[in-house]
Amino acid sequence: MPELPEVEALVAFLRERAVGKPIARVDVANVSVLKTFDPPVTALGGLTITGVTRHGKFLDLDCDGLHLVLHLARAGWLRWSDELSPKPPKPGRGPLAMRVRLADGSGFDLTEAGTRKRLAVHVVRDPADVPGVARLGVDPLSDEFTVERLHEILTAAKRAQIKGVLRDQSIIAGIGNAYSDEVLHAAKLSPFHPCSTLTDDEVASLHAVIVDELSGALGRAEGLAARELKDSKRSSMRVHGRTGEACPVCGDTVREVSFADSSLQYCATCQTGGKPLADRRMSKLLK
């Protein structure tokens, strides 16, 4: 899933290539991705892209005051082309969800792999009209995200587990499954650690790690072509998506906890005092 660093890199990519260009046409290949009807998506035709920004993991294209707000969800992506096909795409069951063609022939496709379609497209007059944007918490790369703010967040979370708090977009906007794994590994914290038991020093350390991890990932992503961002993210992960591999810090085997529709990865030596966490799904299979 694209998270804050990848979405911010896409913002920079589109600012360079799309801002100042009129939209020739928007074609929806999979109507299920369109979450709004007023204004209609056809209203974007003829408007000029005047700005691109980010709200958490949402991508926002300002088109002469109308906003095309995109959420790439778990398996969505943006594929840029300097020369898009002039033919409208055929609706179907393939990965193509929507095509935005600019007046000079360039533009991008929104695609989504897999059968569970969650990619979302909104055409709104104000980004805050998108419910997911309206409920976003503090951006971890903003000036508002201070050690004191993080302390307030964790205190309010009480006995909630730190992994869930980091992923909750209404609390901290932009961190998903992958970077929460990486942050907790770098901070040497169990993903199931209760927020209320963190010491002041641990909170300060966690704050520094969050900012460093996201800033570092953003730095690695800057300047990459859109198609290269996914590969860059995968190759930079220390524990996320690396179940069974050696931890690059201590050499222990990276372990996994599986859930119904996701999983987390961690290093027992670095994060849980050497104690493996219970994997309920695997435990059931072994009974």
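Predicted model: local features only at pLDDT ≥ 70, side-chain atom pairs only at ≥ 80, totals over all residues.
Val 31 sits in the loop between strand 1 and strand 2 (49-55). Along the sequence, Val 31 and Gly 92 are 61 residues apart, yet their C-alpha atoms are 10.0 Å apart in space.

Four strands build an open sheet, running in the order 1-6-7-5 with antiparallel pairing. Strand 1 (23-28) and strand 5 (76-81) are the edge strands, each of them pairing on one side only. From one strand to the next, the twist averages 15 degrees. Inside this arrangement, five bridges link strand 6 (residues 96-102) to strand 7 (residues 107-112) in the antiparallel sense. To pick out a bridge by name, Arg 99 has Asp 109 of strand 7 as its partner. Helix 1 (residues 4-17) packs on the sheet, where it touches strand 5 and strand 7. The direction of helix 1 makes about 25 degrees with that of strand 5.

Helix 5 (residues 177-187) is a mostly covered piece of the model, with 10 of its 11 residues buried. Among those buried residues are Asn 177, Tyr 179, Asp 181, Glu 182 and His 185, along with Ala 178, Val 183 and Leu 184. What do they pack against? The buried residues of helix 5 pack against helix 1, helix 4 (162-167), helix 6, helix 7, strand 10 (263-267) and helix 8 (268-271). Just past the end of helix 5, Lys 188 takes a positive phi of about 60 degrees.

Then there is the empty space. Rolling a probe the size of a water molecule over the atoms shows where such space is left. Two cavities of 30 Å³ or more turn up. The largest cavity has a volume of about 60 Å³, and its lining is made up of Glu 6, Tyr 179, Ala 217, Arg 220, Ala 221, Leu 229, Ser 232, Lys 233 and Ser 236. Helix 6 (200-221) and helix 7 (226-236) are the elements that give two or more residues to this lining. Helix 7 provides the largest share, with four residues. Sorted by class, the lining of the largest cavity holds four nonpolar, two polar and three charged residues.

Around it are Asn 30, Val 33, Gly 94, Pro 95, Leu 96, Ala 97, Glu 112 and Lys 117. That lining splits into four nonpolar, two polar and two charged residues.

The largest pocket has a volume of about 1,000 Å³. Its lining takes in 41 residues, and the ones nearest its centre are Met 1, Pro 2, Glu 3, Ala 73 and Arg 74. Two or more lining residues each come from strand 5, strand 8 (120-124), helix 2 (131-134), helix 4, helix 5, helix 7 and strand 10. By class, the lining of the largest pocket has 15 nonpolar, 13 polar and 13 charged residues.

Methods: Residues numbered from 1 in each chain as written. Heavy atoms only, no water. 1 Å grid on protein atoms, 1.4 Å probe; cavity = no way out; pocket = protein on both sides within 12 Å on 5 of 7 lines; lining within 4 Å. Points joined across faces, edges and corners; volume = space filled by probe spheres on them. Nonpolar A, V, L, I, M, F, W, Y, C, P; charged D, E, K, R; others polar. Pairing = 2+ DSSP bridges. Axes fitted to C-alpha atoms, helices over the stretch in contact; angles between N-to-C directions. Contact = heavy atoms within 4.5 Å. Buried < 20%, exposed > 50% of the residue type's maximum accessible area, 1.4 Å probe, protein only.
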